[in-house]
Amino acid sequence: MLSLDSRNFHGWGYRSRVVEEVEKLSWKVNSSHSSMTESEFNYTTKMIESNLSNFSAWHRRSKLIPRLLDERNANHAERKDFLNKELEIIQRALWADPDSKDQSLWFYHQYLISNFEAAPNANKFVPDLSMNDKAEYVKTQVEDLQEMLEGAETCKWIYQRLLDLSLMGKKLIGQWPVQSSLVEGWIANVTKLDPLRKGRWHDLQLELAP
């Protein structure tokens, strides 16, 4: 099914269920755990490389990562290195078409940057990042997105992510990672591009207020 329609949500759900049942059967027959996590993760890589807009593949990848790292018994350094590589992958994908309205790439980017949040959350797969590390990650991401914004001023997702990261940075270090005038400008621009959620951007402006 996925060879015919690689983004089919139901196809990915069915595949996930089949893999789960195969693993259970293997446990019953061999009395040992036979995980397919590595091969499934590699499969998401293959499908993403063939179609960057494959939301289902990105989603499946995000669900596999915590289990993948646990099964590898990954330590902090290995988890951090894994995060860096995934950030590189998504950055290359976003740079391929910075003005893209493709939500799937931004969904995965959001998943990755959740590791930088000050408060604990269920999506973190590098839970022991120091506050300084998180702040440095936020700074780097903001700089990359500011560069990406040049020539892609009509992409609301870039503004939204810049605002997400600005708020994240403020919670980490007590101040915005950029000049307040830039933040105000991003809010003004995203409000024009996404007027249906004007209330949300207004609330964000209040939250970002000094």
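Trainee: How are α5 and α6 set relative to each other, roughly parallel or roughly antiparallel?

Mentor: Two packed helices are described by the angle between their axes and the distance between the axes. Here α5 and α6 are roughly antiparallel (over 145 degrees; under 35 is roughly parallel, 65 to 115 roughly perpendicular, the rest oblique). The axes of helix α5 (residues 103-113) and helix α6 (residues 131-149) cross at roughly 160 degrees and come within 13 Å. On the α5 side, Trp106, His109 and Ile113 make the contact, and on the α6 side Gln141, Leu145 and Met148 do. Contact means heavy atoms within 4.5 Å. The axes are lines fitted to C-alpha atoms, for helices over the stretch in contact, and angles between N-to-C directions run from 0 to 180 degrees.

Trainee: Before I go on, what kind of model is this, and how are its residues numbered?

Mentor: It's a predicted model, with residues numbered from 1 along each chain as its sequence is written; local features need pLDDT of at least 70, and side-chain atom pairs count only at pLDDT 80 or more, while totals for chains, interfaces and linings use all residues. Side-chain values use heavy atoms, leaving out hydrogens and water.

Trainee: How many helices and strands does the chain have?

Mentor: There are 9 helices and 0 strands. Both are DSSP runs numbered from the N terminus: H or I for helices, at least four residues, and E for strands, at least two. The C-alpha trace spans about 65 × 40 × 30 Å along its principal axes. Of the 210 residues, 42% count as buried (under 20% relative accessible area; exposed is over 50%, partly exposed in between, with a 1.4 Å probe and protein chains only). Look at the contacts between residues at least 6 apart in sequence, too: 62% of them join residues at least 24 apart.

Trainee: Now the charged pairs. How many salt bridges does the structure hold?

Mentor: Side chains of opposite charge can pair when their charged atoms come close. The structure holds 11 salt bridges (a side-chain nitrogen of Lys or Arg within 4 Å of a carboxyl oxygen of Asp or Glu). One of them joins Arg72 and Glu38 at 2.7 Å, N to O. Arg72 sits in the loop between α3 (55-71) and α4 (76-96) and Glu38 in helix α2 (residues 37-50), so this pair ties together parts 34 residues apart in sequence. Arg72 is partly exposed at 40% relative accessible area, and Glu38 is partly exposed at 33%.

Trainee: What about Asp70 and Arg79?

Mentor: Their side chains meet in a salt bridge of 2.7 Å, N to O. Asp70 is partly exposed at 48%, whereas Arg79 counts as buried at 13% relative accessibility.

Trainee: And where does Asp194 lie, and where is Lys156?

Mentor: Asp194 forms a salt bridge with Lys156, with the closest N and O atoms 3.5 Å apart. Asp194 is in the loop between α8 (180-193) and α9 (198-208), and Lys156 is in helix α7 (residues 156-173), so the pair ties together parts 38 residues apart in sequence. Asp194 and Lys156 are both buried. Shared partners join Lys156, Asp194 and Arg197 into one salt-bridge network.

Trainee: Last one: which residues make the nonpolar surface patch?

Mentor: Patch residues have over 30% relative accessible area and no salt bridge; nonpolar side chains (Val, Leu, Ile, Met, Phe, Trp, Tyr) are joined within 5 Å, like charges within 9 Å. Here Tyr14, Val18 and Val22 make a patch of about 280 Å², with areas from the Shrake-Rupley method and a 1.4 Å probe, only the protein chains shown counting as cover for residues. Val18 is found in helix α1 (residues 9-30) and is partly exposed at 34%.
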